[in-house]
2 protein chains.
Amino acid sequence: MKKHLVLAGLSILSMTTLVAQSKEDFSPSSLNQQGKAFPQVNSEGRVRAQLSAPEANRVQLDIGGVKYDMTKDDKGIWTGESDPQDPGFHYYQLCVDGASVPDPGSLYFYGAGRWGSGIEIPAPDEEIYALRDVPHGILSQQRYFSNITKSWRRCFVYTPAEYNSNPYKHYPVLYLQHGSFEDETGWANQGHADIILDNLIADCKAVPMIIVIDNGYAFAPDTKGPFQGMVFEDVLIQEVIPMIDANFRTIADNKHRAIAGLSMGANQTMRIAMNRPDIFRNYGGFSGTANYPSSDVIDPATFLNGAFSNGQKVNELYDVYFLSIGTKEGKPFPESIGAFRNMLDKQGIKYSFYQSPGTQHEWLTWRRSLYQYAQLIFKN
Amino acid sequence: MKKHLVLAGLSILSMTTLVAQSKEDFSPSSLNQQGKAFPQVNSEGRVRAQLSAPEANRVQLDIGGVKYDMTKDDKGIWTGESDPQDPGFHYYQLCVDGASVPDPGSLYFYGAGRWGSGIEIPAPDEEIYALRDVPHGILSQQRYFSNITKSWRRCFVYTPAEYNSNPYKHYPVLYLQHGSFEDETGWANQGHADIILDNLIADCKAVPMIIVIDNGYAFAPDTKGPFQGMVFEDVLIQEVIPMIDANFRTIADNKHRAIAGLSMGANQTMRIAMNRPDIFRNYGGFSGTANYPSSDVIDPATFLNGAFSNGQKVNELYDVYFLSIGTKEGKPFPESIGAFRNMLDKQGIKYSFYQSPGTQHEWLTWRRSLYQYAQLIFKN
């Protein structure tokens with residue numbers, strides 16, 4: 001009897017230790033390549049990776065800025081797991097004896113300046129970007145030669161499910177931009193912009209609209225600095241918008257055009273929106289503003305050539321002015337967006353503000369921001 | 001004088017040795033990620049890869065079925081190169097201490113059952129799939145839920161450049177399939193089907209057509225063997241074609257429908273074309289036939305339920321019957337395609353046959369096959 005009690009005690013102790021380390025309910029990530037068992041995710045948001053590397057001395061899982069050592073079994077297979085991650089999408093990689101490489105088990109996404117592994121931690125509100133049994137729009141790749149950059153470029157165009165069965169109907173257009181070290185593939189692959197709109201339109205929460213997703217990196221020939229020779233505004237206004245208006249059934253006026261972007265894209269698109277109220281009457285800035293990275297008090301007389309100096313005029317020029325941020329975002333985003341909001345308030349400029357609960361400067365913040373923003377635009 | 005002669009001799013000898021190893025005219029592969037210097041290709045078709053792996057003991061370049069040892073410099077950067085490769089597209093990977101991983105420098109492609117690295121060796125006829133300053137069509141992603149497989153699937157739809165500016169014109173449709181361990185991304189990413197058609201249409205060599213690229217792996221629920229429960233024909237005929245005819249301006253008859261595929265896709269699509277002459281009057285088999293992998297003499301009385309037993313009827317039922325192969329393809333392709341052609345000849349069945357010079361069972365064979373085939377269909 002005494003022996004039995006002791007064993008039971010040990011058993012409870014060892015179970016408690018296991019549970020404290022990680023809950024054993026891992027299942028393959030929704031972003032795995034077809035048929036791949038790893039990486040896996042558990043209900044705590046931990047990521048478990050696995051790699052066959054029989055001759056390696058050290059293999060690590062590199063996610064969220066932390067490298068987690070993996071351990072080798074007698075068959076040369078390394079397994080390791082991370083601390084709990086926030087819900088949503090995260091870039092990650094594996095390190096094999098000092099080489100940073102994509103995980104052969106995952107699908108690949110462009111971000112952080114490279115194509116690499118991505119993982120999805122289930123979120124409580126994942127229904128907003130889940131593939132549901134609703135009519136689905138089409139995502140199209142449109143190539144074009146830019147005479148401004150003298151290079152081939154491409155954009156993706158989302159047309160709503162009803163587009164092809166309404167050959168005489170014209171649609172408003174949202175121009176939607178990625179962040180720094182990302183490209184025109186981000187909003188569909190990581191952002192699920194097409195699925196978010198399919199769901200919103202099916203639920204009658206957003207009006208059917210076209211979305212155009214281009215690459216915010218556009219340089220004048222022979223300039224390639226981080227922001228030197230940036231000509232995205234010219235490419236967008238002079239080349240992309242006329243092409244879209246020619247090839248798709250758009251309503252080609254500023255009331256039926258919106259522009260939004262995330263992080264660097266929020267900064268870029270705010271400048272474009274303020275420069276060209278004749279083109280855009282709707283703006284969305286997700287996790288970013290044009291005063292980035294400053295948190296200084298903004299002087300509306302000088303900021304963006306005085307675009308905000310007359311608050312009443314701004315209220316007249318724009319139908320929807322939208323800002324957002326994740327509640328877990330770090331410096332300088334809360335501070336610089338806060339400084340921008342203070343300026344808007346002081347100028348009496350009306351705007352919508354959305355805070356994504358529990359998310360950092362990452363894609364779940366931006367999926368939710370699009371979900372909110374798309375419900376506001378083109379409604380009056 | 002004598003010393004000078006000896007030195008000159010040595011110099012020539014060492015240069016000869018260098019040239020025999022590899023010509024020093026390497027440049028970044030056209031399939032590199034933006035800004036990545038490696039992998040590189042030289043004019044002999046050698047591939048030079050590079051990877052930072054300071055702690056690794058052995059790094060290899062794995063291409064064309066051969067692993068080439070790379071060597072480490074004092075900064076921990078490994079460099080190595082392959083023997084000359086055939087022109088065209090090849091899958092490859094790096095091996096780091098026994099771990100097979102994608103090269104962080106390349107773009108990624110789905111083939112060999114996984115997303116991995118690809119490299120492009122320039123071909124003498126690369127103009128046929130080069131991005132030229134001609135009007136470009138649109139490549140669209142269409143998601144759909146299959147009630148046959150009970151799963152979400154997607155296809156890509158190419159519409160020619162003129163499609164959106166001719167809102168009343170209807171177009172013929174080519175259904176184009178990938179090979180084994182590939183998927184619906186292959187024909188655009190590796191095959192450049194969209195660019196090949198853009199060029200052919202701009203040069204008035206092919207008629208403007210729609211191309212639909214689906215995934216040939218379609219399984220009845222709860223069956224997942226290599227070919228068990230394969231229901232692709234049902235998905236295509238009952239779900240995909242009606243969806244395409246509903247959503248795009250097609251000419252919905254068999255005369256204006258073609259079906260073609262490569263390797264496994266050639267086998268699949270031949271069966272579909274022969275089963276359903278009411279749906280398709282045009283067939284293309286690139287590097288494959290339905291008698292694969294057999295090289296036995298084919299008995300037309302029994303093969304594919306006697307579909308070829310009446311040669312005259314076959315000639316009447318199909319406008320274009322096209323077969324192709326690369327001249328360097330290995331067993332069993334020349335033998336099984338040869339046996340199939342012998343049967344066609346014996347039955348008096350007319351067909352076109354194209355041989356891609358100097359290529360194996362790889363994508364350059366299939367790009368060229370599409371280039372040939374697309375010029376034949378929908379012309380009468």
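Is Asp214(B) buried or exposed? Asp214(B) is buried, with a relative accessible area of 0%. Welcome to this structure, which is a predicted model. Chain A and chain B meet in a contact that takes 42 residues from chain A and 43 residues from chain B.

**Where the two chains meet**

- Together, chain B and chain A bury about 3700 Å², and 53% of this lies on carbon and sulfur atoms.
- Three residues, Glu55(B), Arg143(B) and Trp152(B), supply 17% of the area that chain B buries against chain A, more than any other three residues.
- Arg143(B) also forms a salt bridge with Asp194(A), side chain to side chain, at 3.2 Å from N to O.
- Across the interface of the two chains there are four salt bridges, and 15 residue pairs are in polar contact.

**What chain B brings to the contact**

- Several elements of chain B each supply at least two residues of the side that touches chain A: the strands β3 (47-52), β9 (99-101), β10 (108-111), β11 (114-121) and β12 (138-146), along with the helix α3 (193-202).
- Of these, β12(B) gives the most, with six residues.
- Sorted by class, the side of chain B that touches chain A has 21 nonpolar, 13 polar and nine charged residues.

**A strand pairing between the chains**

- Strand β12 of chain A (residues 138-146) pairs with β12(B) in the antiparallel sense, over five bridges.
- Within this pairing, Leu139(A) has Gln141(B) as its bridge partner.

**Around Asp214(B)**

- You will find Asp214(B) in the loop between β15 (210-213) and α4 (232-247) of chain B.
- Because its relative accessible area is 0%, Asp214(B) counts as buried.
- Its side chain makes a polar contact of 2.8 Å with the side chain of Tyr144(B).
- Beyond its neighbours within four places in sequence, Asp214(B) is in contact with residues including Arg153(B), Arg154(B), Cys155(B), His178(B), Glu184(B) and Phe232(B).

**A sheet in chain B**

- Five strands of chain B make an open sheet in the order β1-β2-β3-β7-β6, with antiparallel pairing.
- β1 (27-28) and β6 (71-72) of chain B stand at the edges with a single partner strand each, so one side of each is left without a neighbour in the sheet.
- Strand β2 (residues 40-41) of chain B pairs with β3(B) in the antiparallel sense over two bridges, and Val41(B) stands opposite Val47(B) of β3(B).
- β3(B) is also among the elements that supply at least two residues to the side of chain B that touches chain A.

Conventions: Residues numbered from 1 in each chain as written. Chains lettered and ligands numbered in written order. Predicted model: local features only at pLDDT ≥ 70, side-chain atom pairs only at ≥ 80, totals over all residues. Heavy atoms only, no water. Contact = heavy atoms within 4.5 Å. Buried area = accessible area lost by both parts, 1.4 Å probe. Polar contact = N/O pair within 3.5 Å; in protein donor to acceptor, adjacent residues only side chain to side chain. Helix = DSSP H or I, 4+ residues; strand = E, 2+ residues; numbered from the N terminus. Nonpolar A, V, L, I, M, F, W, Y, C, P; charged D, E, K, R; others polar. Pairing = 2+ DSSP bridges. Buried < 20%, exposed > 50% of the residue type's maximum accessible area, 1.4 Å probe, protein only.
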